Each structure stands twice: as structure tokens, then as C-alpha cells.
Amino acid sequence: MEIPEEGVIVNSSRLKSVVWNDFDRVKKGETFAAICRHCKRILSGSSTSGTSHLRNHLIRCRRRSNHDITQLLTRGKRKQNTLAITSFSYNQSPIKNEIVTVASMNMEEGVKVGNNNTGVLNLDHRRSQLDLARMIIMHGYPLGMVEDIGFKIFVRNLQPLFDLVTSSGVEDDCIEIYNKERQKVYEELDKLPGKVSLSADRWSTNGGTEYLCLIAHYIDDSWELKKKILNFLVIDPDQAEETLSELIMTSLRKWDIDRKLFSLTIDNRATYEKTVCRIRDQLCQHRFLMCEGQLFDVRCAASTVKLLVQDVLETSREITNKVRETIRYVKGSQATQEKFNEIVQLVGINCQKSLSVDNPFQWNSTCMMLEAALEYKEAFPQLQEHDPGFSMCPSDIDWDRLRAITSIFKFFHEVSNVFAGRKHITSNSYFNEICDIHLQLIGWCQKSDDFISSLALKLKSKFDEYWKKCSLIMAIAAILDPRYKMQLVEYYYPQIYGDSAPDCIDIVKNCMKALYSGHAIYSPLSAHGQSSASESSVSIVKDKLTGFDRFLHETSVSQNTKSDLDKYLEEPLFPRKNVISVLNWWKVHEPRYPVLSMMARNILGIPISKVAVESLFDTGERALDHCWSTMKSDTLQALMCSRDWISSDLEGLSLD
């Protein structure tokens, strides 16, 4: 719209809308125009045009210095309204609802806005940029999305005042967030009341690059099980074990947790043997490990199950391929499928399961494929008689072996589902499941079928290596469950060891006592523990009666007063059918068992299994998302660590 220079500015003081504070109303003849005082854009100023188009322009006007658009969002309604705005900051906890009261006064006075945090309606560029970076971190978006045309259009229409960022700019923001979050995690680890256990997991990319993910597991002062990714490091697959161990030790020193380390959980591979030994030896030299590192080496339970499943898959490959090709043939054409359905009805098979080819990268899908095929076992020979083109039907011997193999798959599937059933599993939950695997393998080895017994012997040989390393720590963790104590060990060991069970039970008891004694040394009731506490925290007000506490402890020991451990083991079991949180039980009973609770905090936080729930049934290693796999190693580490830290802070939070 154009207005000649001789247009006359009309006095707008009688106009009721607040938009005229930012516009000049110009008249030329019978035509009225509104000229923005900030960008000089000319719009219609006719009384019949209203003011909505002027209000919309002011919201988007980039030259307008005052970005407070509160008045523009209220349209002069006489009724008082309350505008609830949720102001969320990643650095605030918990989230608060900040209420902005918009009071509508009479039209001549304009609109007054309540003074309750009206600043939330202003655009904070820096906060918005960091929020964008956090969104990319949390959801694994590619950094380059900020330069996509679709994203730019979306942001421009949503908030024209927001200055778009480049991919390098958002990368810098991600690094800034990482450094701030890292300091928080460092301080949290530094203040921990107990030990830290570490797990190491391998990741890979389609390009062949491999990474080592180091995760700290611990129970905090509120008795909550926590885990934090510490490092995400690129490694050479052919890297020497000495180099790998030094990489882990360097990480521990940078986080200053080498003296706090209790255990290391790693995949059950022989290639890691020397790596674990080197780390353990270095820590033992400085006397950082309890029981001389006897409980330091923990092999992942879920990855051990996956190794056993791999052997079953390998042994049954030929028979499984027959079933797979049989199903492909049946599903290959509509005519064959219809013929097969007719045969199913004639044979009288009543099954709700559908035939489908498995995903070779998910072994649980192979289990389901075999289960369904067994249900239709009687129909396949009939199809072979009526269809000359169908020649790969499994034989009767094949079906017998498939039934046995499927039962093995189903057993391991049930065990894995126990691991997947809970997100945060404490170490006491594994002993009975692993004992059941042991007993099942013993039973399979005694089968008369040579095919099954030979397979079971192969599985048991691999399992025995795992059992030798990890049975002790799992037994101790189970004893610290008030529903089981020593009785669960005394129930399983005779079934597993037979006549040797008493000696094996004594080994567990002796280790339990040694571990308790090690914790008693660091207890505030002991002289050593008291000096360590005073040295580590000078800010703590000195208790003048700590000497009296130590005196009571020493006299009770000399008078053969029962220890925490003795009292705990002698007291009745907590009812097993009652659903309890073991950590909450120890939190409540910490005053009664001050030394044993220290031990429980360290033991129950050990990750007996480190495999993520979503990867339990994968046949390969965890793969990195494609959009992040090409990033620089430092940036990738910042993104992976930050995503873990931010996600754990927001766990269970809903912004709906």
C-alpha cells in the first residue's frame, strides 16, 4: 500500500487498541494507512480493517526493540484471565508452574500485566539456543538439522525473533552443556558415601569404528541405584590389552574414582582376561580393592546367556535353515498359502500362532519362528505330498531335535525376560536365575539323546568359566537380600555340588566375613575410619563423643558381642511373598546395621548384567546411530555422555 508524501498524520489518542502505540495513522483523502514506527512498513489503517493485522505485524517486526508482546496477546477482554505458563529450565529441579495474571482494565487505560514473572514471555536467545542443543542431545538428532530448510521455515514461522544457528554453533553449545553437566557428575561421584562399580561396553559403527563405553554404577546417599556414562572412547579393534587397560585407568584417574572402585563388569570374553588382571593389579598395589580384588572381576550375565544362545544357533543352523526355507516357501505365493491353510484345517490343527520368517539379528524371533513351526508340524508333510515343488520339509528326526532346541531357546528366553523385566536391577536378583541355568545344564547333559547331551556339554563348559568367576559375588549379593540370606545358598549348593556343598558354602561364609571385616575398618566406629573421615571432610563439625562410640565398639568386640553380620543372619527371614524394595529395606535398617549397610550399598550396586534392555536379544554388538557415527570423537563423547546425564535427570518426567 502506498501513501503520497502529502498524507496527514491523524491524532490516534482516541483509538482504543494498544497497537496504535507503535503505529502512525496517516490520512490521504478518504484513505487511511498505518505506518509502523519501527520498520516503516505501511499497512491498512481503515477502521473497517480492524487491528488484528497490525498486532500480527508487531509480533513479527524484527526492528521492534521492545520484544515484550504481553499486551499484544490480550485483546481487551473485560473478563480477567489467568494465563498459566510452564517455565521449564534444564538447570531447575523440580519444574514449577509460573502463573502470569493478565488483568483487563478499561479500554482507555490499556492493559496492565501482573508483575509475576512476566519475563517468561520475553525471548531469551541464549536459553533458546541451549534448549535447542539439549533437544538434539536428548533425542539423538543430527547436528546438521539446524541448517535444513524445513527446520528453518518451522522456526521462522514459530518465532521470527529467534536467530538461527549453524551446525558448528550448535556443536559448540553441546560441548558447553557437556562441560557443565560433567562437573555436576564429578561432584556427585566425589560426595558418594560408598564405592563405585564400573562396566565397560563395546559399540560399533557400520564403518567398522569401535568405541568403549565406560559406565559408573553406584547407590547414592538416598539408597537409589544410579548409573552414569563416564566416557565414550574410540578404540582400535587390534589394540593391545595393555593399551586398553591403561585407557580405562586413565579414565578412572581423571574422574578421581580409582580409589573408590569396587568391581569391573565386562563381557565374558577370554580377550579381556589380561586387561582385567592389569587393572586389578594396579589397584591392589595401592590397596584400593577389598578382599585383595577377589570380587573385582565380574562378567556380564546377559552377555553370557547370549554366548550360550550363539552356540545353540550354531549347532542347530542346518535344521533351523530348513524351517526358515519351509516357511518362505509357504509364504512365497498366495496359492501355496491357501493350499497350506486347507491342509491345516483338514489335519485339525487349531493354532493362533502365524508362520513368519525370523530376524537373524534377533535370536528371540528365531525362538518364536521355531515355536510356531512346531505347531504346524503335521501339515508340512501333507503339503509335500500335494506339492512336488516343496522338497525341503524337515524329517521326523529333525522335528524331534527342533523340539529339544526350541525348549532350550525358550528357557534362555525366559531368563532374559527376567533381566529385561526391571529397569534398575540390583545384584541380589541374579543368583537364583543363574543357579537355575546351572541346574538345567546339568540335566541336559544327562539326556540320552547324543545331539542334546553333546550340545549341553559344550554349553556347560562355557558356563562353568562364568560360574567360577561370578558365583561368589552373586551368592554374597543374595545373602544381603533379607528374604533369602544364607538359606538360598544352602538350598542351591547341594543340588549343584552334591557332597562338596558344605565346603563351597564355607567359602561363601568366609568371604562374607572377610568382606564385612574390610568394611568395619572404614566404619566411623573404627579408629582408622574416624581419621579418614576427618581428613576427607574438614567442614564436618567434630562430634566430641565419637571416641565414646569407638569405645563401645571396641568393648563390644572384646566381649564377643554379636556383629551386624551375626545379628542379620540369625534374625528371621523377611516373608518372600511380600514385594519389597531391597534398597528401601536397607535404607530403613541402616541404623540397626551400620557396618553391614555399608557393605550392602557397595555389593547391591554391582552391575551383574550390563546389557541394555533393548539389546538383550541382539546377536551382535550395539551399533551407533548413523547420524552420529561420523562425528569427531570428542563431540561424540560429549553427546553420548550428555544424553545419558540429561535423560537420567528427566527420568519419569512428563511435560504434558
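Angles between axes under 35 degrees count as roughly parallel, over 145 as roughly antiparallel, 65 to 115 as roughly perpendicular and the rest as oblique. The model shown is predicted, with local features requiring pLDDT of at least 70, side-chain atom pairs counted only at pLDDT 80 or more, and totals for chains, interfaces and linings using all residues. Residues are numbered from 1 along each chain as its sequence is written, and side-chain values use heavy atoms, with hydrogens and water left out.

**Figure 1. Packing of helix α16 against helix α21.** Helices (H or I, at least four residues) and strands (E, at least two) are DSSP runs, numbered from the N terminus. The axes of α16 (residues 501-521) and α21 (residues 594-604) come within 9 Å and cross at roughly 110 degrees; the two helices are therefore roughly perpendicular to each other. Axes are lines fitted to C-alpha atoms, for helices over the stretch in contact, and angles run from 0 to 180 degrees between N-to-C directions. On the α16 side, the contact (heavy atoms within 4.5 Å) is formed by M512, L515, Y516, H519 and A520, and on the α21 side by V595, L596, M598, M599, N602 and I603. The residues of this contact comprise nine nonpolar, two polar and no charged. In this classification Ala, Val, Leu, Ile, Met, Phe, Trp, Tyr, Cys and Pro are nonpolar, Asp, Glu, Lys and Arg are charged, and the others, Gly among them, are polar.

Figure 2. Six of the six residues of β11 (residues 261-266) are buried, that is, under 20% relative accessible area, as against over 50% for exposed and in between for partly exposed (1.4 Å probe, protein chains only). Strands pair if DSSP finds at least two bridges between them. Strand β8 (residues 196-204) pairs with β11 in the parallel sense over four bridges, and S263 of β11 is the bridge partner of S197. Strand β12 (residues 297-299) also runs parallel to β11, joined by three bridges. Here L264 stands opposite D297 of β12.

Figure 3. E371 lies in α10 (residues 363-375). The residue is buried, with a relative accessible area of 19%. Apart from neighbours within four places in sequence, E371 is in contact with K353, T406 and K410.

**Figure 4. The protein as context for the close-up views.** The protein contains 23 helices and 13 strands. Of its 656 residues, 45% are buried.
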